[in-house]
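Please write a short report on some local features of this model.

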Amino acid sequence: MKKRKLAPYTIIPEDLYVNRSADHQLKQVVMEGGRPGYVLVARQMGKTNLLLNLKRVIENEGTFVLYLDLSNRISTLRAWFRYLIDSLCETFDDHLYDIEGKIRERREARKLEPSIEFDRELRLLLKALPGKLVIILDEIDSLTGADFSDLIFAQVRSMYFNRANHSIYENLTYVLSGVAEPTELIKNKDISPFNIGEKIYLSDFSYDEVCELLSKANLSLSEQVIKRIFFWVNGNPRMTWDLCSNIEGVKINGRNVDIETVDNCVEELYLKECDIPPVDHIRTLVERDPQVRNAITQIKYGKGSELDERTVSKLYLAGIISSHIQDERTHIKNEVIDRVLSQKWLDSLSASSNDSLSNAQEYFKARNFASAVALFRDFLETNDCDDCLTETQWFNYGESLFFTSNFSEALSAYIKCIELTSDKDFATTCQYKMGQCSFYLGNYSKCLPSFEKAKENSSGFIHYNSSILISVAKIKVDSDSNKDKVLIVNNNLLDTISNDPQLDEVDRKDLSSVILYNNAAIYSADGKNEKAITELNKAFENARSKYKPSICIALMNLNSSSITEKLQETVENVVSDRIDIVKEDITQLAFSWERAVKFLCYLSSKKLFTETKQLIEYIENTQISKSKTFLEHTNKILDGDTVDYITETKDFLSYVLDLHFDNGFWLEDKKSIYHLLPYAISVASKPKISHIELYLEYVEKDLKYKTNSVQTLTLTNILQISEQISSSAVLSKTATIANRVIDKNVADIQILTLLFYLTNYTSKIGDKGRAYELAQKLLELSKEQLPLTTGVNRDSVGSFKRFALQLISKFNKEKKTTKIPRNQMVTVEYKNGEKVTQKFKLIEQSLINKECRLIKIETDTP
């Protein structure tokens with residue numbers, strides 16, 4: 001069957017590429033080189049193909065071109081500059097190989113500011129290149145979220161002015177491209193390269209250019225059909241291509257193509273589901289931005305001239321209108337986009353935003369705070385207004401944010417409540433909540449005025465808790481100056497609380513426990529451990545079940561001698577009272593997941609295995625859905641935001657693993673055990689051989705199906721600490737699996753790191769033949785621009801390359817100087833894995849024929 005010429009392409013083939021005025025303009029700007037060119041236009045307009053066509057054309061004329069897609073985010077300014085320099089070295093390796101080594105040495109020897117380092121390295125490379133260089137930076141809008149974006153654009157700008165000092169910069173020019181306005185890309189307009197640059201205007205295809213595309217594709221259509229195509233898409237490059245491709249498919253199938261055919265194709269492609277580019281992206285943007293929705297309505301009613309310049313620019317970059325110029329002719333880009341953005345659909349979005357608010361309130365009442373936050377945010381973003389919530393709704397939103405630990409946003413919500421309310425008691429509650437937010441954000445000085453106001457204007461729980469938190473905040477601000485005063489205030493508070501008839505017994509106990517716990521913290525910090533233990537014992541006697549684990553942890557930290565009975569009592573209380581474990585630690589004594597893990601650590605350290613098992617079973621049965629086990633939840637913690645405390649709990653991880661092995665639990669829950677093993681191996685100073693063996697057994701089976709980054713990283717960790725592992729069988733198995741992982745997977749920097757440690761290990765055990773092969777592969781991959789992966793630094797690649805070169809050089813020298821006697825015993829390995837030890841003369845021909853490889857020259861020869 002005949003294939004379509006207008007098939008889906010990411011990069012348009014040269015024979016199908018249609019030149020527009022932008023192609024001529026861009027080439028002229030680049031060849032003159034006096035200022036940077038920048039292309040800022042909507043998506044799906046052929047921007048990237050414009051850049052790649054420029055690259056193709058001027059490379060044929062002898063210019064060096066580096067094209068970089070900046071979609072992958074880089075975390076620091078230095079890393080970004082080094083990424084660009086390293087990309088130049090890798091792309092033009094033939095000319096810059098020697099320079100790359102000098103750059104690596106300079107980086108290690110000197111610690112220069114990132115901009116200075118980049119400037120010097122760039123000039124070094126320019127001097128080594130025998131011609132002009134064009135650097136194309138595409139998708140620059142991805143830099144809008146980076147706090148160093150201004151410094152990058154300032155560096156681009158400064159290069160043009162530095163030509164006065166460094167003439168080599170005459171050989172360099174930049175092209176910048178993205179889908180955002182300069183004002184969104186750079187905060188300080190005085191250092192913007194866009195001020196000195198020349199904007200390239202990339203327009204839709206004209207009617208003649210559509211005809212040229214059809215001619216290049218050998219797609220013969222009647223004038224009526226072509227005009228109907230142009231009626232629907234008005235020359236939008238992506239839509240023109242896709243629609244013509246669809247029509248080409250109709251012709252290949254032998255069907256007649258007329259106006260009705262075009263209309264049917266448009267209906268199927270765009271109007272039926274609205275789920276393909278660019279209309280899917282446009283609809284998503286319109287759904288999220290009420291300002292854009294309102295602007296579209298204005299245009300539809302002939303009021304486009306009333307739109308401000310910023311809104312017009314936003315519509316242009318979204319691909320909704322054709323012109324970036326604000327005038328009375330502003331109109332929707334084409335008929336397809338006009339239809340998919342119908343007024344009926346726009347009106348339905350406004351109606352659905354009210355549903356979001358109603359559902360947010362329901363989620364709040366059900367204490368499903370995360371879902372409530374999502375819907376409140378959706379409502380506010382959709383309506384783009386601060387006055388569309390009542391004071392109660394703002395408070396509910398603030399509470400939802402507070403109980404999901406979004407304290408900064410919660411603080412803003414409570415401030416909004418105070419602005420709106422005339423109710424003094426309600427304002428006092430909001431002041432108290434503002435103080436809590438600042439307190440949990442660590443802004444202890446800022447929280448004091450809010451707590452003072454709340455304390456002054458309230459009674460009961462808020463009054464007393466404000467007093468408690470004022471004391472804690474003062475200790476945090478200046479412990480030495482405030483500790484004695486705070487102890488006096490706290491002891492007076494204890495007397496007042498015990499005699500306040502308005503307090504119920506639960507509040508009285510809770511407040512007393514917290515004050516005593518805080519007193520203990522002050523005594524402990526002052527080295528008065530006995531006094532601290534006395535206060536904690538009093539706190540324990542007053543505390544409700546949910547606070548007892550935290551008090552026990554504090555007592556354990558002070559090596560209290562009477563802790564065992566308290567630990568046992570606490571487990572019994574937690575289980576019998578069915579205490580919930582809270583997700584976040586937002587109070588001083590909360591029984592959070594982190595404290596639950598620490599509490600279990602202390603239980604196991606005291607050899608209270610019955611209680612440890614009892615608490616784990618309680619957690620599995622009541623705190624987690626019955627479809628999950630305790631281990632699965634632990635895995636969730638390890639995979640989430642709380643991963644930073646793994647090192648504090650490594651004994652617990654090891655204990656939980658051993659507990660499950662000893663009791664046979666792991667047989668019922670192998671999947672969770674296998675998931676937990678990498679963490680136990682990674683955090684342990686000396687991993688258990690049994691843990692590594694079990695993990696290798698799992699990975700060996702899993703390799704039949706897939707390999708993931710955790711497996712690769714764990715194998716790397718094992719090889720990295722190979723000298724600490726006594727079992728040669730374990731290391732041999734690790735190396736075998738690592739070889740398979742490397743052969744099986746597409747190379748990235750994480751795979752490259754595994755290859756480095758495998759090469760190093762193989763060399764150390766004396767397998768020179770295999771080490772030589774691995775070193776060659778390491779060198780080859782080190783020269784490629786491999787994708788970044790989590791937890792691996794691209795800067796390591798240079799050291800990997802140097803290691804490989806040194807190892808290869810060493811082996812080559814040994815080969816030249818080593819002559820094996822004919823009767824020398826050697827060990828070789830055949831391609832089927834069989835290892836044979838024989839005299840060299842009996843196996844020499846097999847080595848020459850590469851049927852096997854030399855592993856070892858034996859020391860003892862008969």
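Helix H4 (93-109) and helix H5 (114-128) each supply at least two residues of a positive patch. The members of this patch on the surface are Lys102, Arg106, Arg110, Arg120 and Lys127. Arg110 is found in the loop between H4 and H5. Its relative accessible area is 39%, so Arg110 is partly exposed.

The model is predicted: local features need pLDDT of at least 70, side-chain atom pairs count only at pLDDT 80 or more, and totals for chains, interfaces and linings use all residues. Residues are numbered from 1 along each chain as its sequence is written, and side-chain values use heavy atoms, with hydrogens and water left out.

Several terms need their rules. Helices (H or I, at least four residues) and strands (E, at least two) are DSSP runs, numbered from the N terminus. Buried means under 20% relative accessible area, exposed means over 50%, and partly exposed is in between (1.4 Å probe, protein chains only). Patches are made of residues with over 30% relative accessible area and no salt bridge; like charges are joined within 9 Å, and nonpolar side chains (Val, Leu, Ile, Met, Phe, Trp, Tyr) within 5 Å. Lys and Arg count as positive, Asp and Glu as negative, while His and the chain ends are not counted.

**Salt bridges**

A salt bridge is a side-chain nitrogen of Lys or Arg within 4 Å of a carboxyl oxygen of Asp or Glu. By this rule there are 35 salt bridges. Three of them are set out below.

| Pair | N to O distance |
|---|---|
| Glu117 and Arg78 | 3.3 Å |
| Glu108 and Arg802 | 2.8 Å |
| Glu773 and Arg770 | 3.1 Å |

Glu117 lies in helix H5 and Arg78 in helix H3 (residues 77-91), so their pair ties together parts that are 39 residues apart in sequence. Glu117 counts as buried at 5% relative accessibility, whereas Arg78, at 26%, counts as partly exposed.

Which helices hold Glu108 and Arg802? Glu108 is in helix H4 and Arg802 in helix H38 (residues 796-817), so this pair ties together parts that are 694 residues apart in sequence. Glu108 counts as exposed, with 53% relative accessibility; Arg802 has 30% and counts as partly exposed.

Glu773 and Arg770 are both in helix H37 (residues 768-782), and because they are 3 residues apart there, about one helical turn separates them. Glu773 is partly exposed, with a relative accessible area of 34%, while Arg770 is buried, with 18%.

Salt bridges also link Asp86, Glu100, Arg104, Arg107, Glu121 and Lys801 in a network.

**Aromatic pairs**

Rings of Phe, Tyr and Trp (its six-membered ring) pair if their centres lie within 6.5 Å; planes under 30 degrees apart count as stacked, over 60 as edge-to-face and the rest as tilted. The count by this rule is 22 aromatic pairs. In one of them, Phe395 and Tyr414 are 5.7 Å apart, centre to centre, with 55° between the planes, and the pair is tilted. Phe395 belongs to helix H18 (residues 391-402) and Tyr414 to helix H19 (residues 407-420), so the pair links distant parts of the chain, 19 residues apart. Are these two residues buried or exposed? Both Phe395 and Tyr414 are buried.

The ring centres of Phe407 and Tyr440 are 5.4 Å apart and their planes are at 35°, so this pair is tilted. Because Phe407 lies in helix H19 and Tyr440 in helix H20 (residues 424-440), the pair ties together parts 33 residues apart in sequence. Phe407 counts as buried at 11% relative accessibility, and Tyr440 as partly exposed at 22%. Phe407 and Tyr440 belong to one aromatic cluster, whose members include Phe364, Phe369, Phe402 and Phe403.

**Backbone angles**

Most residues other than glycine have a negative phi, and most peptide bonds are trans. Asn218 has a positive phi, near 55°. This residue is in the loop between helix H8 (207-216) and helix H9 (223-233), and Asn218 counts as exposed at 63% relative accessibility. Arg578, which is not a glycine, also has a positive phi, of about 55°. Arg578 is in the loop between helix H27 (563-576) and helix H28 (593-605), and counts as exposed at 54%.

The peptide bond from Pro277 to Pro278 is cis, with omega near -5°. Pro278 is in the loop between helix H11 (259-271) and helix H12 (279-288).

Technical notes:
Accessible areas come from the Shrake-Rupley method with a 1.4 Å probe; for residues, only the protein chains shown count as cover. The place of a charge is taken as NZ of Lys, CZ of Arg, CG of Asp or CD of Glu.
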